[in-house]
Amino acid sequence: MRVKICGITNLEDGLKAIEFGADALGFVFYEHSPRYITPLKAKEIISKLPPFVKIVGLFVNVKAGEVNRICKSCRIDIAQIHFEPDERFFEDINVSFIRVIRASCKEDILKYSDEYRLVDSFVEEFGGSGKRLNLAWFDGVDCSKIILAGGLNPNNLSELKAYNFHGVDVSSGVERAKGLKDVDKMAEFMINAKNL
């Protein structure tokens, strides 16, 4: 099970997440998020991280050029697109990307089923709310290309065992305050996720 720890705002949290086995770290470039980080600060943190961990930038309602500029400057590996731009947008960005489905019904999770995608619960504030998805929506669905987000924490990961998700994405479920990770929760989350 692949694990992304999202909403990294400081080097210490990033290094701990990697130490515990995170496959990817997420940086939120959405100014209205309590986990927002400036590109300059993200660049400083990313420059001090060890290799072989994917770096993901989360973007909301921006132009392709802005995604390209930030990803190049900060050395972002994957752009996580948390809105529904037109297809031209995806042609114009020159970095790997993953679409985010903000699901409000079962039909939503079937979008883009031929590609890897992140499925989160629909909330107005674009993620990080800890709102859970209805797992019954995934019954009988091929989840091998889905990264699940939304309301995950160390205590409920065992419920995912039957679904064969490609990975999980967690933010608020491993925090002690918005934007600050809880070391014990991160460690427990990683152990439980890797044992699925």
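This is a predicted model: local features need pLDDT of at least 70, side-chain atom pairs count only at pLDDT 80 or more; totals for chains, interfaces and linings use all residues.

Residues are numbered from 1 along each chain as its sequence is written, and side-chain values use heavy atoms, with hydrogens and water left out.

**Exercise 1.** Find where K145 is placed and list what K145 touches.

*Solution.* 
- Step 1: look in the loop between strand 6 (117-121) and strand 7 (146-149), where K145 sits. Strands (E, at least two residues) are DSSP runs numbered from the N terminus, as are helices (H or I, at least four).
- Step 2: leaving aside residues up to four places away in sequence, K145 touches S113, D114, E115, Y116, R117 and H166. Contact means heavy atoms within 4.5 Å.
- Step 3: a polar atom of the K145 side chain lies 3.2 Å from the backbone oxygen of D114.

**Exercise 2.** Decide whether K145 is buried, partly exposed or exposed.

*Solution.* 
- Step 1: recall the cut-offs: buried is under 20% relative accessible area, exposed over 50%, and partly exposed in between (1.4 Å probe, protein chains only).
- Step 2: K145 has 29% relative accessibility, so K145 counts as partly exposed.

**Exercise 3.** Describe the phi angle and surroundings of F52.

*Solution.* 
- Step 1: phi of F52 is near 70°, a positive value in a residue other than glycine.
- Step 2: F52 belongs to the loop between helix 2 (39-46) and strand 3 (54-59).
- Step 3: F52 counts as exposed because its relative accessibility is 85%.

Conventions. A polar contact is a pair of N or O atoms within 3.5 Å; within protein, one must be able to donate a hydrogen and the other to accept it, and residues adjacent in sequence count only if both atoms are side-chain atoms.
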